[in-house]
Amino acid sequence: MINMRSRVVTAHIPDQLARKLDSLAERLERPRGWVVRVAIEGYLALDEERHQETLAALAEVDAGETIEHAWAGGLASPRRKSRR
């Protein structure tokens, strides 16, 4: 068996969010702590993915791998089309 250390982390959350957490834990028949752990794991994984995508995009810009958008020049002075 793998010995995984754990820590207790506390957080103050709004009462309405706590009620939703309780409701979800009850519906899933899981402890609140399990639901919180899974939610945090999912959030951190999503954040890491976004961070890596941002770093990759910045590396592309640094390498000059950009796309020229001729239409972007017209954004500075918008032209209104007349409605008839």
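Arginine 19 is partly exposed, with a relative accessible area of 48%; the classes used here are buried (under 20% relative accessible area), exposed (over 50%) and partly exposed (in between), with a 1.4 Å probe and protein chains only. The model is a predicted one, in which local features need pLDDT of at least 70, side-chain atom pairs count only at pLDDT 80 or more, and totals for chains, interfaces and linings use all residues. Residues are numbered from 1 along each chain as its sequence is written, and side-chain values use heavy atoms, with hydrogens and water left out.

**Salt bridges**

Arginine 19 forms a salt bridge with aspartate 15, the term denoting a side-chain nitrogen of Lys or Arg within 4 Å of a carboxyl oxygen of Asp or Glu. Aspartate 15 counts as exposed, at 52% relative accessibility. The two residues are four apart in helix H1 (residues 15-28), so about one helical turn separates arginine 19 from aspartate 15. Helices (H or I, at least four residues) and strands (E, at least two) are DSSP runs numbered from the N terminus.

In total, the structure holds three salt bridges, listed below.

| Salt bridge | Closest N and O atoms |
|---|---|
| Arginine 19 and aspartate 15 | 2.1 Å |
| Aspartate 22 and arginine 32 | 3.1 Å |
| Arginine 37 and glutamate 41 | 2.9 Å |

Aspartate 22 forms its salt bridge with arginine 32. Because aspartate 22 lies in helix H1 and arginine 32 in helix H2 (residues 32-62), this pair ties together parts that are 10 residues apart in sequence. Aspartate 22 is partly exposed, its relative accessible area being 31%.

The pair of arginine 37 and glutamate 41 belongs to helix H2, where the two residues are four apart and therefore separated by about one helical turn. Both partners are partly exposed: arginine 37 has 41% relative accessibility, and glutamate 41 has a relative accessible area of 43%.

**Helices and the loop**

The secondary structure of the protein consists of two helices and zero strands. Helix H1 has 14 residues and should span 20 Å at 1.5 Å a residue, which agrees with the 20 Å between its end C-alpha atoms. The expected span is 1.5 Å times one less than the number of residues in the helix. Helix H2, with 31 residues, reaches 45 Å from its first C-alpha to its last, close to the expected 45 Å.

Just after H1, glutamate 29 takes a phi of about 55 degrees, a positive value in a residue other than glycine. Glutamate 29 is found in the loop between H1 and H2 and is exposed, with a relative accessible area of 72%. Glycine 64 follows H2 and has a positive phi near 80 degrees.

**Rings and surface**

Arginine 30 lies over the face of tryptophan 34, at 4.3 Å from the ring centre. A charge sits over a ring if NZ of Lys or CZ of Arg is within 6 Å of the ring centre and within 35 degrees of the ring normal. A search of the whole structure finds zero aromatic pairs; such a pair requires rings of Phe, Tyr and Trp (its six-membered ring) with centres within 6.5 Å, and it counts as stacked with planes under 30 degrees apart, edge-to-face over 60 and tilted for the rest.

A nonpolar patch on the surface is formed by Val36, Ile40, Tyr43 and Leu44, with about 390 Å² of accessible area together. Patches are made of residues with over 30% relative accessible area and no salt bridge; like charges are joined within 9 Å, and nonpolar side chains (Val, Leu, Ile, Met, Phe, Trp, Tyr) within 5 Å. Leucine 44 lies in helix H2 and is exposed, at a relative accessible area of 51%.

The accessible surface of the protein comes to about 8,900 Å², of which 55% belongs to carbon and sulfur atoms. Accessible areas come from the Shrake-Rupley method with a 1.4 Å probe; for residues, only the protein chains shown count as cover. Of the 84 residues in the protein, 4% are buried.
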